[in-house]
Amino acid sequence: MKRSTINSIMAEADDLIRKHGFVLPPFAKWSPDEFKSRKDIALNVIEARCGWDITDYGAGDYDKMGLFLFTLRNGRLADLQRGGGMCYAEKLLISRQDQLSPMHTHVIKAEDIINRGGATLVIELYGSDDQGQFAEDRGGTVFCDGIRRDYEPGEKLQLAPGESVTLMPGDWHAFWGDGGDVLIGEVSTVNDDETDNIFREPIGRFANIEEDVAPTHLLVSDYARWLT
(Lines give C-alpha, C1' and ligand atoms only; values in the text may rest on other atoms or scores of the structure.)
Protein backbone atom coordinates (compact mmCIF):
# COMPACT_ATOMS: atom_id res chain seq x y z
CA MET A 1 0.00 0.00 0.00
CA LYS A 2 1.17 3.52 -0.68
CA ARG A 3 1.76 5.65 2.39
CA SER A 4 -0.30 8.42 0.77
CA THR A 5 -3.26 6.01 0.58
CA ILE A 6 -2.81 5.08 4.24
CA ASN A 7 -2.76 8.76 5.23
CA SER A 8 -6.03 9.31 3.35
CA ILE A 9 -7.66 6.28 4.96
CA MET A 10 -6.72 7.60 8.40
CA ALA A 11 -8.35 10.97 7.74
CA GLU A 12 -11.50 9.39 6.31
CA ALA A 13 -11.72 6.93 9.21
CA ASP A 14 -11.40 9.67 11.82
CA ASP A 15 -14.32 11.51 10.18
CA LEU A 16 -16.49 8.37 10.14
CA ILE A 17 -15.67 7.53 13.76
CA ARG A 18 -16.62 11.05 14.87
CA LYS A 19 -19.82 10.86 12.81
CA HIS A 20 -20.94 7.93 14.96
CA GLY A 21 -20.16 9.68 18.24
CA PHE A 22 -16.74 8.23 19.04
CA VAL A 23 -13.47 10.13 19.47
CA LEU A 24 -10.01 8.56 19.25
CA PRO A 25 -7.56 9.10 22.14
CA PRO A 26 -5.09 12.02 22.03
CA PHE A 27 -2.09 9.92 20.94
CA ALA A 28 -3.96 9.16 17.70
CA LYS A 29 -3.16 12.72 16.59
CA TRP A 30 0.58 12.57 17.29
CA SER A 31 2.89 13.05 14.34
CA PRO A 32 5.84 10.63 14.00
CA ASP A 33 8.16 13.25 15.51
CA GLU A 34 5.80 13.80 18.46
CA PHE A 35 5.63 10.06 19.02
CA LYS A 36 9.43 9.77 19.00
CA SER A 37 9.80 12.64 21.48
CA ARG A 38 7.22 11.07 23.82
CA LYS A 39 8.13 7.41 23.43
CA ASP A 40 9.36 7.11 27.01
CA ILE A 41 5.99 8.10 28.46
CA ALA A 42 4.14 6.18 25.73
CA LEU A 43 5.95 2.90 26.36
CA ASN A 44 2.73 1.16 27.40
CA VAL A 45 1.04 2.21 24.13
CA ILE A 46 4.01 1.01 22.09
CA GLU A 47 4.47 -2.34 23.86
CA ALA A 48 0.73 -3.07 23.75
CA ARG A 49 0.67 -2.10 20.05
CA CYS A 50 -2.18 0.36 20.50
CA GLY A 51 -2.94 2.74 17.67
CA TRP A 52 -3.51 2.84 13.91
CA ASP A 53 -3.57 -0.40 11.93
CA ILE A 54 -4.50 -0.51 8.23
CA THR A 55 -4.06 -3.67 6.23
CA ASP A 56 -4.65 -5.09 2.77
CA TYR A 57 -3.44 -8.49 4.03
CA GLY A 58 -0.51 -8.19 1.63
CA ALA A 59 -2.83 -8.68 -1.37
CA GLY A 60 -2.47 -5.15 -2.80
CA ASP A 61 -6.21 -4.45 -3.25
CA TYR A 62 -7.44 -2.70 -0.11
CA ASP A 63 -10.91 -1.89 -1.44
CA LYS A 64 -11.55 -5.56 -2.19
CA MET A 65 -9.80 -7.18 0.79
CA GLY A 66 -8.70 -5.03 3.68
CA LEU A 67 -9.58 -3.59 7.06
CA PHE A 68 -9.11 -0.43 9.12
CA LEU A 69 -8.41 -0.95 12.83
CA PHE A 70 -7.50 1.23 15.79
CA THR A 71 -6.48 -0.54 18.98
CA LEU A 72 -7.73 1.63 21.84
CA ARG A 73 -6.38 -0.49 24.71
CA ASN A 74 -4.72 -3.85 25.10
CA GLY A 75 -3.82 -5.96 28.11
CA ARG A 76 -0.87 -8.14 28.92
CA LEU A 77 -0.51 -11.78 27.95
CA ALA A 78 1.25 -12.41 31.27
CA ASP A 79 -1.85 -11.19 33.13
CA LEU A 80 -4.07 -13.43 31.02
CA GLN A 81 -1.82 -16.42 31.71
CA ARG A 82 -1.91 -15.89 35.46
CA GLY A 83 -5.66 -15.20 35.46
CA GLY A 84 -5.71 -11.66 36.82
CA GLY A 85 -4.95 -8.09 35.85
CA MET A 86 -5.46 -6.42 32.48
CA CYS A 87 -6.82 -9.33 30.46
CA TYR A 88 -8.87 -7.36 27.93
CA ALA A 89 -8.55 -5.34 24.72
CA GLU A 90 -10.74 -2.96 22.73
CA LYS A 91 -10.65 -1.84 19.10
CA LEU A 92 -12.58 0.19 16.59
CA LEU A 93 -12.71 -1.20 13.06
CA ILE A 94 -14.17 -0.02 9.77
CA SER A 95 -15.32 -2.53 7.19
CA ARG A 96 -16.20 -0.90 3.89
CA GLN A 97 -19.03 -2.02 1.67
CA ASP A 98 -18.15 -5.44 0.21
CA GLN A 99 -14.59 -5.16 1.61
CA LEU A 100 -13.63 -8.64 2.78
CA SER A 101 -11.83 -9.40 6.01
CA PRO A 102 -10.84 -12.97 5.05
CA MET A 103 -11.61 -16.25 6.81
CA HIS A 104 -9.62 -16.62 10.02
CA THR A 105 -9.76 -17.73 13.63
CA HIS A 106 -7.88 -17.18 16.88
CA VAL A 107 -6.19 -19.62 19.23
CA ILE A 108 -6.37 -17.48 22.37
CA LYS A 109 -8.68 -14.54 21.77
CA ALA A 110 -12.40 -14.53 22.43
CA GLU A 111 -14.14 -11.45 21.05
CA ASP A 112 -17.39 -9.57 20.91
CA ILE A 113 -17.91 -8.07 17.45
CA ILE A 114 -20.35 -5.16 17.67
CA ASN A 115 -21.99 -3.15 14.89
CA ARG A 116 -21.48 0.38 16.25
CA GLY A 117 -23.17 2.12 13.34
CA GLY A 118 -23.59 2.39 9.60
CA ALA A 119 -24.78 -0.40 7.33
CA THR A 120 -25.24 -4.13 7.97
CA LEU A 121 -22.27 -6.20 9.07
CA VAL A 122 -22.22 -9.68 7.52
CA ILE A 123 -20.23 -12.41 9.29
CA GLU A 124 -19.70 -15.74 7.58
CA LEU A 125 -19.17 -18.58 10.08
CA TYR A 126 -17.64 -22.05 10.11
CA GLY A 127 -16.65 -24.39 12.91
CA SER A 128 -13.35 -26.16 13.44
CA ASP A 129 -12.21 -29.77 13.68
CA ASP A 130 -10.70 -31.37 16.78
CA GLN A 131 -7.34 -29.68 16.07
CA GLY A 132 -8.95 -26.26 15.61
CA GLN A 133 -8.48 -26.32 11.83
CA PHE A 134 -11.06 -24.94 9.41
CA ALA A 135 -13.83 -27.50 8.85
CA GLU A 136 -15.98 -26.79 5.82
CA ASP A 137 -18.65 -29.23 6.99
CA ARG A 138 -18.98 -28.01 10.58
CA GLY A 139 -21.11 -25.36 12.18
CA GLY A 140 -21.27 -24.38 15.81
CA THR A 141 -22.81 -22.12 18.41
CA VAL A 142 -22.37 -18.41 19.02
CA PHE A 143 -24.15 -15.88 21.20
CA CYS A 144 -25.78 -12.85 19.60
CA ASP A 145 -26.36 -10.13 22.21
CA GLY A 146 -26.19 -12.92 24.80
CA ILE A 147 -28.79 -15.09 23.04
CA ARG A 148 -27.65 -18.54 21.91
CA ARG A 149 -27.66 -19.16 18.17
CA ASP A 150 -26.66 -22.40 16.46
CA TYR A 151 -25.26 -21.89 12.97
CA GLU A 152 -24.81 -24.11 9.95
CA PRO A 153 -21.43 -24.17 8.15
CA GLY A 154 -21.12 -21.11 5.93
CA GLU A 155 -24.10 -19.35 7.49
CA LYS A 156 -24.00 -15.57 7.19
CA LEU A 157 -25.07 -13.60 10.24
CA GLN A 158 -26.40 -10.13 9.52
CA LEU A 159 -25.81 -7.65 12.33
CA ALA A 160 -27.68 -4.35 12.28
CA PRO A 161 -26.35 -1.33 14.22
CA GLY A 162 -26.37 -2.14 17.93
CA GLU A 163 -26.24 -5.91 17.44
CA SER A 164 -23.28 -8.11 18.35
CA VAL A 165 -21.90 -11.64 18.25
CA THR A 166 -19.50 -13.37 20.64
CA LEU A 167 -16.86 -15.50 18.91
CA MET A 168 -14.70 -18.01 20.74
CA PRO A 169 -11.33 -19.49 19.71
CA GLY A 170 -11.98 -21.98 16.91
CA ASP A 171 -14.93 -20.03 15.45
CA TRP A 172 -13.80 -19.38 11.89
CA HIS A 173 -15.15 -16.13 10.50
CA ALA A 174 -14.95 -13.65 7.65
CA PHE A 175 -16.86 -10.37 7.46
CA TRP A 176 -17.72 -7.36 5.31
CA GLY A 177 -20.06 -4.39 5.12
CA ASP A 178 -23.35 -4.86 3.25
CA GLY A 179 -25.12 -1.80 1.86
CA GLY A 180 -22.44 0.64 3.03
CA ASP A 181 -19.54 1.09 5.42
CA VAL A 182 -19.76 -0.21 8.99
CA LEU A 183 -18.13 1.05 12.19
CA ILE A 184 -17.33 -2.02 14.29
CA GLY A 185 -16.42 -2.35 17.95
CA GLU A 186 -14.32 -5.24 19.17
CA VAL A 187 -14.07 -6.11 22.85
CA SER A 188 -11.86 -9.12 23.51
CA THR A 189 -9.33 -10.89 25.65
CA VAL A 190 -5.72 -9.77 25.19
CA ASN A 191 -4.97 -9.21 21.52
CA ASP A 192 -1.83 -10.43 19.73
CA ASP A 193 -2.07 -9.64 16.03
CA GLU A 194 1.41 -10.97 15.32
CA THR A 195 0.78 -14.58 16.37
CA ASP A 196 -2.93 -15.12 17.10
CA ASN A 197 -4.47 -14.60 13.66
CA ILE A 198 -4.79 -17.93 11.84
CA PHE A 199 -5.92 -17.45 8.24
CA ARG A 200 -7.46 -20.12 6.08
CA GLU A 201 -5.41 -18.95 3.08
CA PRO A 202 -1.66 -18.17 3.20
CA ILE A 203 -1.92 -14.38 3.45
CA GLY A 204 -0.19 -11.73 5.53
CA ARG A 205 -1.66 -9.84 8.48
CA PHE A 206 0.08 -6.53 7.72
CA ALA A 207 0.49 -4.45 4.57
CA ASN A 208 3.73 -3.91 2.67
CA ILE A 209 4.17 -0.14 2.49
CA GLU A 210 5.53 1.97 -0.35
CA GLU A 211 6.90 5.18 1.19
CA ASP A 212 5.79 7.67 -1.47
CA VAL A 213 5.13 10.42 1.15
CA ALA A 214 5.85 10.95 4.83
CA PRO A 215 3.40 9.33 7.30
CA THR A 216 0.81 11.54 8.95
CA HIS A 217 0.66 9.16 11.92
CA LEU A 218 2.50 5.95 12.69
CA LEU A 219 0.94 2.53 12.25
CA VAL A 220 1.50 -0.08 14.95
CA SER A 221 3.61 -1.92 12.37
CA ASP A 222 5.86 1.19 12.17
CA TYR A 223 6.77 1.23 15.87
CA ALA A 224 9.72 -1.17 15.68
CA ARG A 225 11.39 0.84 12.90
CA TRP A 226 10.54 4.37 14.02
CA LEU A 227 10.65 4.15 17.80
CA THR A 228 13.57 1.84 18.63
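**A guided look at the model**

Modeller: The protein has five helices and twelve strands; helices (H or I, at least four residues) and strands (E, at least two) are DSSP runs, numbered from the N terminus. This is a predicted model, in which local features need pLDDT of at least 70 and side-chain atom pairs count only at pLDDT 80 or more, while totals for chains, interfaces and linings use all residues. Residues are numbered from 1 along each chain as its sequence is written, and side-chain values use heavy atoms, with hydrogens and water left out.

Biologist: What radius of gyration does the protein have, and what would a compact globule have?

Modeller: The protein has 17 Å, which agrees with the value near 17 Å for a compact globule of 228 residues. The radius is taken over C-alpha atoms, and the globule rule is 2.2 Å times the number of residues to the power 0.38. Along the principal axes, the C-alpha trace spans about 50 × 45 × 35 Å.

Biologist: How much of the protein is buried?

Modeller: Buried residues make up 50% of the 228 residues. Buried means under 20% relative accessible area, exposed over 50%, and partly exposed in between (1.4 Å probe, protein chains only). The accessible surface comes to about 10,900 Å², and 48% of that belongs to carbon and sulfur atoms. Such areas come from the Shrake-Rupley method with a 1.4 Å probe; for residues, only the protein chains shown count as cover.

Biologist: And the contacts: what share joins residues 24 or more positions apart?

Modeller: Such pairs account for 74% of the contacts with a separation of 6 or more. Contact means heavy atoms within 4.5 Å.

Biologist: Which residues have the most contacts inside the largest nonpolar core?

Modeller: They are Leu24, Phe35, Trp52, Ile54, Phe68, Phe70 and Tyr223, in a core of 32 residues. A nonpolar core is a set of buried Ala, Val, Leu, Ile, Met, Phe, Trp, Tyr and Cys residues joined through side-chain atoms within 4.5 Å. At least two residues of this core come from each of helix H1 (3-19), helix H3 (43-47), strand S1 (51-55), strand S2 (67-74) and strand S3 (88-95). H1 gives the most, with six residues.

Biologist: What does Tyr223 touch, beyond four places in sequence?

Modeller: Tyr223 touches Phe35, Val45, Ile46, Arg49, Cys50, Gly51, Leu218 and Thr228. There is also a second, separate core of 21 residues, which includes Leu125, Leu157, Leu167 and Ile184.

Biologist: Let us take Leu167, then. Where is it found?

Modeller: Leu167 is found in strand S10 (residues 164-167). It counts as buried because its relative accessible area is 1%. Not counting residues up to four places away in sequence, Leu167 touches Ala110, Glu111, Ile113, Leu125, Val142 and His173.

Biologist: Is Gly75 buried or exposed?

Modeller: Gly75 is buried, with a relative accessible area of 10%. Its place is the loop between S2 and helix H4 (77-82). Beyond four places in sequence, Gly75 touches Met86, Tyr88 and Val190.
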